[in-house]
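Here are my notes for a first look at this entry. Please read them with the structure open beside you.

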Amino acid sequence: MAYTLEELLEESYGETLEAWCPGAARSVRGHLEVVVERMARATRAECIGLSSA
């Protein structure tokens with residue numbers, strides 16, 4: 001079966017994207033935009049899971 005890039009990313013990273021952006025029905029691009037914004041503001045401790053966000 002051939003996947004589109006969006007389908008491949010959703011299949012591969014869907015759970016991770018949902019963890020960073022819970023509850024919102026977004027495209028993969030929409031998820032990635034939010035994830036990049038959140039990661040840019042995250043502290044080192046938040047990135048490695050030492051504190052709750």
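This is a predicted model: local features need pLDDT of at least 70, side-chain atom pairs count only at pLDDT 80 or more; totals for chains, interfaces and linings use all residues.

How many salt bridges does the structure hold? It holds two.

1. R29 counts as exposed because its relative accessibility is 61%, over the 50% cut-off. E33 has a relative accessible area of 46%, so it is partly exposed.

2. The other salt bridge is formed by the side chains of E37 and R41, at 2.9 Å from N to O. E37 and R41 also lie in helix α2, and they too are four residues apart, about one turn of the helix.

3. Is R41 buried or exposed? R41 counts as exposed, at 56% relative accessibility. Its partner in the bridge, E37, is partly exposed, with a relative accessible area of 47%.

4. Next, the packing of the helices. The axes of α1 and α2 are 10 Å apart, and the two helices pack at an angle of about 40°. That angle makes α1 oblique to α2, because angles under 35 degrees would count as roughly parallel and those from 65 to 115 as roughly perpendicular. The crossing of α1 past α2 is left-handed.

5. E6 is a residue of helix α1. Which C-alpha separation is found between E6 and V28? The two C-alpha atoms are separated by 6.3 Å, although E6 and V28 are 22 residues apart along the chain. E6 is partly exposed, with a relative accessible area of 40%.

6. Finally, the surface. Which residues make the nonpolar surface patch of about 520 Å²? They are M1, Y3, L5 and L8. Of these, Y3 sits in the segment before α1, a helix that spans residues 5-20. Y3 has a relative accessible area of 45% and is therefore partly exposed. That value is over the 30% which a residue needs in order to count towards a patch.

Terms used:
Residues are numbered from 1 along each chain as its sequence is written. Side-chain values use heavy atoms; hydrogens and water are left out. A salt bridge is a side-chain nitrogen of Lys or Arg within 4 Å of a carboxyl oxygen of Asp or Glu. Buried means under 20% relative accessible area, exposed over 50%, partly exposed in between (1.4 Å probe, protein chains only). Patches are made of residues with over 30% relative accessible area and no salt bridge: like charges are joined within 9 Å, nonpolar side chains (Val, Leu, Ile, Met, Phe, Trp, Tyr) within 5 Å. Accessible areas come from the Shrake-Rupley method with a 1.4 Å probe; for residues, only the protein chains shown count as cover. Axes are lines fitted to C-alpha atoms, for helices over the stretch in contact, and angles run from 0 to 180 degrees between N-to-C directions. Angles under 35 degrees count as roughly parallel, over 145 as roughly antiparallel, 65 to 115 as roughly perpendicular and the rest as oblique. A crossing is left-handed if the near helix is turned anticlockwise from the far one by less than a right angle, and right-handed if clockwise.
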